[in-house]
Amino acid sequence: MFVNSAQLSALNPCRKDCDIMNIMIVGVGGQGTLLASRIIGAAAINLGGDVKLSEVHGMSQRGGSVVTYVRYGEKIASPIIGEGEADVILAFEQLEAYRYISYLKKGGKYIVNTQKTNPMPVITGAAKYPEDILGKMEKMGISVTSCDALALAKEAGNIKSVNVVLIGVMAKHTNISKEEWEEAIKQTVPEKFLEVNLKAFRLGYDA
Amino acid sequence: MKKLMLGNEAIARGAYEAGVHVVSSYPGTPSTEITEFISKYDEIYSEWAPNEKVAVETAIGAATGGGRALSAMKHVGLNVAADPLFTVSYIGVNGGLVLVVADDPGMHSSQNEQDSRNYAIAAKVPMLEPADSAECKEFTKKAFEISEQFDTPVILRVTTRVAHSQSMVELEDRKEVPVKDYTKNIAKNVMIPANARPKHVMVEERTKALTEYNSASDLNKMEINDTKIGIIAAGISYQYAKEACPDASILKIGMINPMPEKLIREFAEKVDKIYVVEQLDPVIENYCRSIGIDVIGKEIFTLIGEYSTELLKEKILGEKPAEPMKASEPIPVRPAVMCPGCSHRGVFYVLSKLKLNVTGDIGCYSLGCAKPLESIDTIVCMGGSITAAHGMEKARGKDFARKTVAVLGDSTFVHSGITGLIDVVYNKGTTTTIILDNSITGMTGHQQNPATGFTIKNEPTRQVDLEMLAHAVGVDRVVIADPFDVDNFEKVVKEEIAAEEPSVIIAQRPCALIKKAGYTGRYVINDKCKNCKMCMKLGCPAISLTENGPKIDETLYVGCGLCPNVCKFGAIERA
Ligand SMILES: Cc1ncc(C[n+]2csc(CCOP(=O)(O)OP(=O)(O)O)c2C)c(N)n1
């Protein structure tokens, strides 16, 4: 079964006719964005269509701004998502959410972790961390669902499970069923972390 | 079975299915995972070599010995391995030999943006370029066939977006290929001038044969749609072209050296005009012009950085994207930084405090050039630190050397730093070298190396003793010091730079991200804090200044214990 327009419109109400889903994951190197993209990739494969993921390895994984892309649909050529093309942006950190607004498609959806991590220019005092980012994004007409994923990850038992909490928050905005998401997590996460991650997913889902 | 795979994993799978016997590589983004994935296949012997030249030579040896062999590296790694490449092109192979080179347009993790296709042309070896993971696997297998059929090494070229993207791959079984017989063959394998001259003739003949082969090969694909616009592309550029201009006719080139002349002519006959879409250098474009085919290329596209679907839509179709949403205020950049707990931080804290000239090298410690430490003066290439300091001393005199140190990591020292150290000793320099021994190859994602004492499969092995090695090349002053004991480290540095002879300081502390570091617990800042901001000078991402003074971030700390060592008031204590 290929993702149908009902599924897509649930996620992205303004684009009922589209047949490709573009999801961007943005965050800070080391936050576990890669695993999140791989879980989404696994869930997307189970829909039976084509999937492409683009990851960042290397230098920027050292605390830099990182972006990964997941695209799925009937046939995908480029693994990269351009400006104004993302249906969903999953942001692991507020400043990173703000940085990539130009990538959101009109009517697209932002899922934002309210966590803040100061970049080095802010730490050294050369720059200021912008205030009220979520408020400003909403004022620009962006549909934002925010969540304190860090608190929920702690509740799940491991602060590293922020990534899976956020998948949970995103999951309920999709018509991929809760069970299908959990299946994708089982396929992706190492056995010994599975329990914590499933808990993290459910906490995000119910948030 | 179908599986979602990274391009690099698919290359590893291709090597496995092709029955490869021996793989020797040196890590380098974006190529590293190829060899990491290969190391998981017990059917293949794999190793991390000290550098790319050693790796390629080992692969050449394996292929000469009759095995199928592969070596993977990043683009600048091919510079290091260029010497054997140009001559193995003459020698050819016995078992198949494939070199994988990963270019990094956009310089996600590199110090330059070189286009390795130029090497294939210069060394006269065939080069294949896959456009997705399925092709990564298929082309790897094909490369071994071509290698054995045409008696040539073959280069498989990928770029970051192919190497680090995942797409679907159909898995097949490994086909065992017996190791071929080895017989001594001096005329073929010994490249002295008398043997190399007839070999060069054969290489030119081989190129002609490969050109013919390529035009008929299924590595290329001609997709004729609307013939008003024709596009020639290879690799990831094909995907951007397909996305931007789905109705155009496209010639997708899979084997980019030697070029498929007949096929290009045939394509040119069919379409009204041709755009050549290729990142970096105008390689295909220049070729087309050289055979008299008029194309549009770099006069509208750029020589710099990555291409994108949007760029092609704009340049080919004249479609401007809608104005995207923009924040109305500047957004602070988030550059890569040394991790919390990084063993290098103590070193640069001291070097920055002493205001020394620092010739740097390539590794995580390259980030010692960044604010707030801004300690490093120069970075060129791997191994280039000791030699830079030596050259500066020879130009500016011994007094300059009293204020200068060279810094490089353990892996980099073994890669090509050791020869620089020998140069210093041999030519009576007085450089002070600091080896940042964090017990791992950090920057590329934690690979073992000869100085760690473990192999690619994490088996214990004989460890290079850096101290003894330095002594052996003639350095009498060798000190091992912990860079987190900042007071002592400062004393050691002062002593060693003052000495008018070569000296080596081995700054020993494991990378915070590996088990060996063993950091547990956390530190907090108590009310003895006078807000003097000494700890802020460390540039640790886990310490931020708040209205109430510095604070250690609860999600980022690792408990490394460096910051208490710079606090004069005892305000940082174990929680
Ligand atoms: C010729 C060449 N090969 C490979 C690389 C990729 N590379 C960059 S840094 C690095 C290793 C650094 O390891 P080490 O010197 O131990 O320092 P660390 O990152 O652990 O601090 C490698 C392999 C490169 N830049 N140039």
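Student: Which part of B:Ser411 lies 3.0 Å from an oxygen atom of the ligand?

Tutor: A backbone N or O atom of B:Ser411 does; a pair of N or O atoms within 3.5 Å counts as a polar contact. This is a predicted model, where local features need pLDDT of at least 70, side-chain atom pairs count only at pLDDT 80 or more, and totals for chains, interfaces and linings use all residues. Residues are numbered from 1 along each chain as its sequence is written, chains are lettered from A and ligands numbered from 1 in written order, and side-chain values use heavy atoms, without hydrogens and water.

Student: Which elements of chain B give two or more residues to the shell?

Tutor: Those are helix H4 (75–80) and helix H18 (410–426) of chain B. H18(B) gives the largest share, four residues. Helices here are DSSP runs of H or I with at least four residues, and strands are E runs of at least two.

Student: What does B:Asp410 do there?

Tutor: One of the polar side-chain atoms of B:Asp410 sits 2.6 Å from a ligand oxygen.

Student: How many residues surround the ligand?

Tutor: There are 26, and B:Glu52, B:His344 and B:Thr412 are among the closest (near means a heavy atom within 4 Å).

Student: Why does the ligand lie between two domains?

Tutor: Domain 1 (2–215) and domain 3 (345–516) of chain B both give residues to its shell, so the ligand lies between them. The bounds come from an automatic or database domain assignment.

Student: New topic: what is the strand order in the eight-stranded sheet?

Tutor: This open sheet runs E6(A)-E5(A)-E4(A)-E1(A)-E3(A)-E2(A)-E8(B)-E1(B), with mixed pairing; strands pair if DSSP finds at least two bridges between them.

Student: Which strands are at its edges?

Tutor: Strand E6 (143–147) of chain A and strand E1 (2–6) of chain B; each has a single partner strand, so one side of each has no neighbour in the sheet. Further in, E1 (20–28) and E4 (86–91) of chain A pair in the parallel sense over four bridges, and A:Ile25 has A:Leu90 in E4(A) as bridge partner.

Student: And what about the five-stranded sheet, what's its order?

Tutor: That open sheet in chain B goes E14-E15-E16-E18-E17, with parallel pairing. Its edge strands are E14 (357–359) and E17 (477–481) of chain B, each pairing on one side only.

Definitions and conventions
Polar contact = N/O pair within 3.5 Å; in protein donor to acceptor, adjacent residues only side chain to side chain.
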